[in-house]
Amino acid sequence: MRYEEPVYRPPSEANSLLIQATLGCPHNQCTFCGMYKGKKFRIRPVSEIKEDICLAKESYGDSVPEADPSFGGHVETMFFPDGNTIIMKTDQLEEIFKFAYQTFPNLKRITLYGSAKIIKFKTLEELIRLRKAGLKRIHMGLESGNDRILKKIQKGADAQTMTEIGQRVKKAGMELSEYVLIGIGGEKLWREHAVDTADVLNAINPDFIRLRTWVPVPVAPLYKDYEAGDFKLLSPHAALREIKLLLEKLEVSSLFLSDHISNFVNISGHLPRDKKSMLKKIDEGLQLDESSFRTEIIERL
Ligand code: SF4
């Protein structure tokens with residue numbers, strides 16, 4: 001297989017076949033993100049992408065190496081890594097997705113990363129076409145629902161746009177995974193971050209809400225502020241209080257997940273069903289001494 005490093009995928013795509021259709025991120029300005037800094041954005045030709053799909057078929061047949069046996073060993077899910085593959089022309093994406101389903105007969109789901117800034121250029125009709133071509137889920141970084149924070153971190157979309165685009169993806173019939181960045185408001189804006197993020201999520205009602213806790217990564221522009229002491233990380237207890245407020249305000253029917261090592265505590269469950277037990281787990285965490293949580297700075301996420 002031909003991969004250009006670094007290659008990132010969400011933990012939930014661990015069993016997916018990864019095909020790089022785009023390299024880097026066309027936005028690449030988020031101050032907290034170090035994923036593709038130094039990697040020039042480019043879209044690969046459709047012919048090359050199809051070649052990769054064929055190469056995967058030749059290499060693996062119809063199965064993914066080291067796949068979880070519960071997946072039956074078949075290529076059932078395919079993920080297009082690197083930021084914002086959704087930026088490709090709708091015709092091209094349709095062609096690639098159709099080819100992927102023809103090549104891998106057991107394929108059930110195609111997913112990719114897409115940010116609101118980029119998806120807003122796709123009409124509802126285009127998104128419906130993509131869903132019909134097999135794009136079943138989009139992983140979208142909401143990060144925060146607070147406009148002050150969104151502007152500061154240069155996400156490229158305000159809360160209104162985040163809401164409208166999230167709703168558009170849902171209306172197109174796709175599953176939506178929204179990522180929330182715990183701690184990105186720092187000590188100053190944690191309340192606003194939690195409350196406004198809940199407001200946006202309530203308006204969208206995504207299928208998944210996935211928590212990430214911001215950790216300083218040297219290549220991320222925000223690292224300089226952190227080093228200079230201008231951006232204060234939340235303590236484990238403060239991060240838990242932020243999650244607690246977020247959870248209290250949420251009125252969604254979503255799967256809420258802390259499926260990442262950056263988080264201090266794994267707070268996960270179905271909303272609204274498990275809200276009470278998740279809040280209880282947070283309260284238990286708040287009773288623990290802060291020294292019992294992870295302390296190391298993870299520099300290579
Ligand atoms: S967070 Fe996503 S949209 Fe922002 S720079 Fe990183 S990859 Fe690009």
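Modeller: Threonine 31 is in the loop between β2 (22-23) and β3 (42-43). The model is predicted, so local features need pLDDT of at least 70 and side-chain atom pairs pLDDT 80 or more, while totals for chains, interfaces and linings use all residues. Residues are numbered from 1 along each chain as its sequence is written, and side-chain values use heavy atoms, with hydrogens and water left out.

Colleague: Why does threonine 31 count as buried?
Modeller: Buried means under 20% relative accessible area, exposed over 50%, and partly exposed in between (1.4 Å probe, protein chains only). Threonine 31 has 10% relative accessibility, so it counts as buried.

Colleague: What does threonine 31 touch?
Modeller: Contact means heavy atoms within 4.5 Å. Not counting residues up to four places away in sequence, threonine 31 touches Lys152, Ile153, Gln154, Ala220, Pro221 and Leu222.

Colleague: And why is leucine 189 called buried?
Modeller: Its relative accessible area is 5%, so leucine 189 is buried. Leucine 189 is in the loop between β7 (175-182) and α7 (190-204), and it touches Arg148 and Ile149, leaving out residues up to four places away in sequence.

Colleague: What about leucine 279, buried or exposed?
Modeller: Buried: the relative accessibility of leucine 279 is 17%, so it gets that label. Leucine 279 belongs to helix α10 (residues 275-287). Apart from neighbours within four places in sequence, leucine 279 is in contact with Lys244, Leu247 and Glu248.

Colleague: What makes the protein chain as compact as a globular protein of its length?
Modeller: The radius of gyration is taken over C-alpha atoms, and the globule rule is 2.2 Å times the number of residues to the power 0.38. The protein chain has 10 helices and 10 strands. Its radius of gyration is 19 Å, close to the 19 Å that the rule gives for 301 residues, so the chain is as compact as a globular protein of that length. Of those 301 residues, 54% count as buried.

Colleague: Which residues surround the ligand?
Modeller: Near means that a heavy atom of the residue lies within 4 Å of the molecule. Among the residues around the ligand are Cys25, His27, Phe32, Tyr36, Asn84 and Lys155.

Conventions:
Helix = DSSP H or I, 4+ residues; strand = E, 2+ residues; numbered from the N terminus.
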